[in-house]
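Here are a few exercises to work through with the model open on your screen. Try each one yourself before reading its solution.

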Amino acid sequence: LIGKSSQIKNRPNPGLQSVIVVGGGLSGITASYSLARRGVKVDLLERETEFAQHASGNAAGIYIGYLARTDTPMSRLNLLGFEYLKRQLHDLRKAGARIAGEETGVQRLAYNERLAGLHEQLRNTPHASGIAHAISAEEASSALGLRVELPSIYYPTGGWLSPPDYCNALLNAQNENIRKHSASEVDEIVYENDLWRAFSSDGQLLAEARDIIVANAFEALRFEQLSKLPIGKIRGQTMSLPASEMSGRLNQVLCYDGYIIPEYEGAHFLGSTYDRKNDTLEVFEEQEEELLQRLYAKVPSLKSVEQERGPGRVAFRTTTPDRLPLVGALSGSPGLHMSLCHGSRGIVTCAISGEILAAQLLAEPLPIDSESARALSPERYAKRSRSEFPSLLGA
């Protein structure tokens, strides 16, 4: 599907020279990179003093193709995003970028009915996918280096990376075309005289351009133009676990109702909770215990190993009711675009979403099929209110 044209009607802008991007995390940086590598000047506005903070500041993120039992816009986005990310990582590293992480392979234990069904489907049609394979518990244990009790869906070309390293590599690769504005919190965006203007809370003009991309996660709701979108957030707590002689045997990323990254610089990265009830950055000891108990239940060989806990960390995922990101333009607001709500899979979906936005802005063929582009478009919620979705935290 890469390079295939779409029937989506874009706002043609072949003379595009500059764009404002609000939000200096994964979604904003990948969108900035996609535009900058086409020669577009980008003003990237980030409220923190450093880029790649909050959820984009986690020590590790997992990338796999996320197969599904049926073909859907989400499954297509995941597969395209996975392949695009791998090529992008190869190019960045070949150019000299240092991005912590490794293509270790990823195991997803079939711990629930949905994954067990996908495992069975892959087992019965072993050549249907080159992305993943169904393997037994014994095979999974041998590949992992630690014993597990459940069969696994094995993604041999999956792996993990450091999101901050990845973000910095993208910024450095396009240093000339991305103007980085840290400590620049956007309080209001205004459209006047065919230009978008971003203002701080004290009325300072931070940047102006014909087009603007909003990519600041849950904070997008502060802007009047986006305030009715059903954007929710889910609290996630992660932790570091110092490696032991036993845990150091882990060779691959292991996913279950949590995940653990192989040892890197003497520690493992463990995640993550899904907490819709709390809206605080405080680290809860009981949730750290929950993360450990999930690990021990799936990897019993680690249960008897006494290990000190490393520092915990809290960040928020943004999400939509249908779990698809919001990628594209919003009608009624010429030149207003967004890349929001990538949930737990932003490592895989953000970069390809940046390519989608760049193609839309420059009237290029889209890198995704038209059905998927429509499914991602924020237009699907344009006439609905957040009040229709009471389950969203903060609604």
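**Exercise 1. Sort out the exposure of glutamate 149 and find its salt-bridge partner.**

Step one: glutamate 149 has a relative accessibility of 46%, so it counts as partly exposed (buried means under 20% relative accessible area, exposed over 50%, partly exposed in between, with a 1.4 Å probe and protein chains only).

Step two: the partner is arginine 147, with the closest N and O atoms 3.3 Å apart. A salt bridge here is a side-chain nitrogen of Lys or Arg within 4 Å of a carboxyl oxygen of Asp or Glu. Arginine 147 is partly exposed too, at 48%.

A word on ground rules: this is a predicted model, where local features need pLDDT of at least 70, side-chain atom pairs count only at pLDDT 80 or more, and totals for chains, interfaces and linings use all residues. Residues are numbered from 1 along each chain as its sequence is written, and side-chain values use heavy atoms, with hydrogens and water left out.

**Exercise 2. Find out which parts of the chain the salt bridge between arginine 47 and glutamate 219 ties together.**

Step one: check the geometry. The two side chains meet at 3.9 Å, N to O.

Step two: place the residues. Arginine 47 sits in the loop between S2 and S3, and glutamate 219 in the loop between S13 (211-214) and S14 (232-242), so the bridge ties together parts 172 residues apart in sequence. Helices (H or I, at least four residues) and strands (E, at least two) are DSSP runs, numbered from the N terminus.

Arginine 47 is partly exposed at 34%, and glutamate 219 is partly exposed at 26%.

Step four: widen the view. Salt bridges with shared partners join Arg47, Glu48, Glu185, Asp187, Glu219 and Arg222 into one network. The whole structure holds 21 salt bridges.

**Exercise 3. Is strand S1 largely enclosed or open, and which strands does it pair with?**

Step one: of the 5 residues in S1 (18-22), 4 are buried, so the rest of the structure largely encloses this strand.

Step two: S1 runs parallel to S2, joined by 5 bridges (two strands pair if DSSP finds at least two bridges between them). Serine 18 has lysine 41 in S2 as its bridge partner.

Step three: S1 also pairs with S13 in the parallel sense, over 4 bridges. There, isoleucine 20 stands opposite isoleucine 212.

**Exercise 4. Which residues does arginine 69 touch, leaving aside its neighbours within four places in sequence?**

Step one: locate arginine 69 in the loop between S3 (61-63) and H2 (73-94).

Step two: with those neighbours left aside, arginine 69 is in contact (heavy atoms within 4.5 Å) with Arg114, Gly117, Leu118 and Gln121.

Step three: arginine 69 is partly exposed, with a relative accessible area of 48%.
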